Amino acid sequence: MESSSPLNNRIILTGFMGCGKSYFSKKLSEHIVFNSYDTDSMIEAKSDKRVKEIFATEGEEAFRALEKDIVQDIITLDNVIIATGGGFPIYYDDICSLGSVIYMDIPFDDIVARMNKRDFIQRPLFLELDKARELYETRKAIYKERSHFQLDASQNIHAMVHDTVEFLFD
Ligand code: S3P
C-alpha cells in the first residue's frame, strides 16, 4: 500500500455491537501509536447527547444521519484507528474508501457471553436478544463484503493485535 493512501493512514474497525471494537482500538493504538477514535463518541460530542438518548428522542433515522455526517470528520483524520458503531458499514456502503477496514468477526453467542448488564442497557438495538440475533444474521455478510480483512475476534487480544499488524504492514 502507498504511504499516502488512506488505506495506510486510517484503520477502521467494524463489527457487531459488543464485539470489542473500542477495547481493541485502544489496545492496537498502544502497538502502532495511532490515536484511537470512536464514531459513537464523536456523535455524542457533536450532538451533546448520548446515543441511547438520540434513539429515544429522535429515532434511529436521525441517528443514522448523524452517523453519516461523521464521515466528513473522519476524512480529516490521519494516523488513526476508528472504532465504528455496529451499523456504520451497513448504512455507509463506501466505507472501504475511508481506510483499511478490519471486520471483527465473532459468533453472536460469544458476544452475548462477554456482555454485562450495562452493555445491553446502553445499546437500544440489543434490548431484545432474538431481534439482536436476527440483526446479526442479516448483517454478517455485509460486514464481510465491506471490509479488507476479517479478523478472528474470538482470539485473545495478543493474537488479534498480531494478525492485524501482519495484515497491515506485511
Ligand atoms: C448500533 C451500534 C452501536 C451504536 C448504536 C447502533 C448498531 O455501537 O452505534 O446503538 O446499529 O449496531 P456499538 O457497535 O459500539 O455498540
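A pocket is an open set of points on a 1 Å grid over the protein atoms alone, with protein on both sides within 12 Å along at least five of seven lines. A molecule sits in a pocket if more than half of its atoms lie within 2 Å of its grid points.

**View 1. The ligand takes up the space of the largest pocket.** This is a predicted model, in which local features need pLDDT of at least 70, side-chain atom pairs count only at pLDDT 80 or more, and totals for chains, interfaces and linings use all residues. Residues are numbered from 1 along each chain as its sequence is written, and side-chain values use heavy atoms, with hydrogens and water left out. Helices α4 (51-58) and α5 (60-74) each give two or more residues to the shell around the ligand (helices are DSSP runs of H or I, at least four residues, numbered from the N terminus).

**View 2. The shell around the ligand holds 14 residues.** Lys 21, Asp 40, Arg 64, Arg 123 and Arg 139 are the closest (a residue is near if one of its heavy atoms lies within 4 Å). By class, the shell has 6 nonpolar, 3 polar and 5 charged residues, where Asp, Glu, Lys and Arg count as charged.

View 3. The protein buries 94% of the 380 Å² that the ligand exposes when taken alone (Shrake-Rupley method, 1.4 Å probe).

**View 4. Tyr 103 and Tyr 143 form a stacked pair.** Their ring centres are 5.3 Å apart and their planes at 20 degrees (rings pair with centres within 6.5 Å; planes under 30 degrees apart count as stacked). Tyr 103 is in strand β4 (residues 100-105) and Tyr 143 in helix α9 (residues 129-145), 40 residues apart (strands are DSSP runs of E, at least two residues).

How values were computed. On a 1 Å grid over the protein atoms alone, a cavity is a set of points where a 1.4 Å probe fits but cannot get out, and a pocket is an open set with protein on both sides within 12 Å along at least five of seven lines; lining residues have an atom within 4 Å of a point. Rings of Phe, Tyr and Trp (its six-membered ring) pair if their centres lie within 6.5 Å; planes under 30 degrees apart count as stacked, over 60 as edge-to-face and the rest as tilted.
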